[in-house]
Every structure is written in C-alpha cells, then in structure tokens.
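Please read it alongside the sequence and coordinates.

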Amino acid sequence: MLRKILFGAVSLAAIAIGAAQAEDLKEFRIGIIGGENEADRLRNFQCLVDQLPSVLGVEKVSLFPAADYDGTIQGLLGGTLDYAELGASGYAKIYLEDEDAVEPILTTVQTDGATGYYSIMVARKDSGITSLADLKGKKLGFADPDSTSGYLIPVTSLPADLGNAPVKDYFASTGFGGGHENLVLEVLKGTFDAGTTFGSGVGEFSDGYTSGNLKKMVDKGILDMDDLVEVWKSPLIPNGPIVVRTTLDADIKAKFKDFMLKLPETDAECFSAIQGGDFKSFIEVNADFYAPIIAARKAQIGG
C-alpha cells in the first residue's frame, strides 16, 4: 500500500512538472524600471510589443512601467513579470531574497567592447564645484536606493576618495532624486549640490557619453551638457542584466534569448531605443557575473 502511495505521489509530481514545462503562456509581461518619464519608457519598448507576440507565440505583450526600481523588483519576485532589464544592484536585491526567482541571461556590450559602465557624479557648472573637496559639507543626491550607479557603488566606493570618510559624515546631507532623470533635474534646480547618475564613460562627457542617463536626457532635449560638470567617476560597474522569470517555459526562454541576441542586427533602432544610447551588442551572462555586486549589496545594505 505504501509503495502505491509513493508511486502515486511521484506520478503526480511528474505530471505537475510536465505541466509547468508546458506552460501555455498567453501574455508576455515586461517590467520597466522607473527613472525617466513614463511616456518615454512606453514608447521606447513599443517595438517589443509589436514584434514579440509572433516570435514567442503569445497572444499579447504587455508593458508594466514602475514608479521606481522596487516596483519592478517586487513584480519579478512575485512572478507577475516575465522579463525586465535591471541594474546590477536591483538584480542583487532579488538574488538575496530569492536566488531562484529570475535568471540573468544577457547584458549589453559598450561600443568599445566593455561590459561595464560608470557612476558619474555631476554638479552645476556655474556652482564652482569641480572636485570632491569642493563638496565637503554640501548636499549630495542619489538616484534610487536600488540603483547600482545611483547609490550602491557611490556609497561603497566614495569613502576611499574622501580620505576614508563615510559618506554620511563628509556631506551635510544626502537624499534621493526619484530616479536618474529626476536626480539630474534636481541638481540643476539646486535641490542638491551634486548627484550621482550613470554613463558609458565612452566618448565625450560634453555629449553625455555614448549611452546612459545623461545621453538619453541630451537626446530628448531636456539637458544641455554645458550646464554640468563631472565631479567624480566610479570604478567600472558590470552592465545590468536582462532577466527572465525562472519558471518561464524553456522554449519561450530560448526563443526570447535568441531574438534579443539578434536584435542589434535585425532591428538596430529598437535595440537602441530599449537600451537608451549606442551599444554594440548583447552578451550571455549568468549569476556569477554579478557576484561582486551581490556581495557589495549584502555588505552595504543587507538585501
């Protein structure tokens, strides 16, 4: 009798696994992290809404823009999103809470072949601030508490360039700008004396570099780089991952990954739109690529 019960339990488990593998996905759900104007984010990802249904064999593709980074992170943790592009720190937050929730599959390659980018601290050019020494006792703004370049890397790396002084002691105050785009606008308004955003570090600062938040703002006509000065640049940061829901059907994962890998050649305009600037291609990655960021986040924030 016990043998029959055990056999039945194993059979039911096998059926459940088979059903999960044969997931009949009707809607592919894309999460978009906060940080810039929602209308711009929706427009940039529309090309995926148009192309992915036929590629993946789903009825529709839906976009879910979040107000901040954590909105997308929680959607991925809860299994209500199938794909998103995150910063490395955002992925680390998910990994530390549930390492099996998502899989990092791809990241971007810069035009110079690098797979990293930089945290860029900027100040108003007319402020007279040109160095970290000029910022002692002043107000520093961060982009978002779950941003790699806008928070984690600055608070981790800055002390070494501040004479080993903790960030909270060196600056009069710190705060968050509500995303990278808003952070830069708050610096220009004078809310913060300087703020941390991101850029490829490739090309010229006067152009907003080749990609990143500064470049996107320049391209949208809402930022004149003549109004800013670069005060500090971090060590190289791993480019953030494209992640997919781990429980997503394996065939859909493979089709999606193949589509994205080919996108820079099949639709360069779409590739540029969703990435926000000039990139060379995608490259395959896994969780190991982000191990240093996971460790840094665990030590600095705790999860």
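Which residues in α3 meet which residues in α4? On the α3 side they are D70, I73, Q74, L76 and L77, and on the α4 side G90, K93, I94 and E97. The model is a predicted one, with an average pLDDT of 91 for the protein. The points below start with confidence and then take the helix pairs and the sheet in turn.

**Confidence**
- A pLDDT of at least 70 is reached by 92% of the residues.
- Residues 1-22 have a pLDDT below 50, and this stretch has two contacts in the model beyond near neighbours in sequence.
- Where pLDDT is low, predicted coordinates should not be read in detail.

**Helices α3 and α4**
- Helix α3 spans residues 69-77 and helix α4 spans residues 88-97.
- Their axes come within 10 Å and cross at roughly 35°.
- The crossing of α3 with α4 is right-handed.
- Sorted by class, the residues in the contact of α3 with α4 are four nonpolar, two polar and three charged.

**Helices α2 and α10**
- The axes of α2 (residues 38-56) and α10 (residues 268-275) come within 7 Å, and the crossing angle is roughly 130°.
- The handedness of the α2 and α10 crossing is left-handed.
- From α2, the residues N44, F45, C47, L48 and Q51 take part in the contact, and they meet C270, A273 and I274 of α10.
- The contact of α2 with α10 has six nonpolar residues, two polar ones and no charged ones.

**Helices α5 and α11**
- Helix α5 (residues 148-161) packs against helix α11 (residues 291-300) at an angle of about 70°, and their axes are 10 Å apart.
- The angle makes α5 roughly perpendicular to α11.
- T148, L152, I153, V155 and T156 of α5 form one side of the contact, with I293, A296, R297 and Q300 of α11 on the other.
- Five nonpolar, three polar and one charged residues make up the contact of α5 with α11 by class.

**The sheet**
- An open sheet is formed by six strands with mixed pairing, in the order β2-β1-β3-β11-β4-β12.
- The edges are β2 (60-65) and β12 (279-284); each has a single partner strand, so one side of each is left without a neighbour in the sheet.
- On average, neighbouring strands of this sheet are turned by 25° against each other, direction ignored.
- Strands in a sheet pair through backbone hydrogen bonds, in either a parallel or an antiparallel way.
- Strands β4 (residues 102-110) and β11 (residues 241-245) run antiparallel and are joined by five bridges.
- Opposite E103 stands V244 in β11.

Technical notes. Residues are numbered from 1 along each chain as its sequence is written. This is a predicted model: local features need pLDDT of at least 70, side-chain atom pairs count only at pLDDT 80 or more; totals for chains, interfaces and linings use all residues. Side-chain values use heavy atoms; hydrogens and water are left out. Axes are lines fitted to C-alpha atoms, for helices over the stretch in contact, and angles run from 0 to 180 degrees between N-to-C directions. Helices (H or I, at least four residues) and strands (E, at least two) are DSSP runs, numbered from the N terminus. A crossing is left-handed if the near helix is turned anticlockwise from the far one by less than a right angle, and right-handed if clockwise. Contact means heavy atoms within 4.5 Å. Ala, Val, Leu, Ile, Met, Phe, Trp, Tyr, Cys and Pro count as nonpolar, Asp, Glu, Lys and Arg as charged, and the others, Gly among them, as polar. pLDDT is the predictor's confidence in each residue, from 0 to 100. Two strands pair if DSSP finds at least two bridges between them. Angles under 35 degrees count as roughly parallel, over 145 as roughly antiparallel, 65 to 115 as roughly perpendicular and the rest as oblique.
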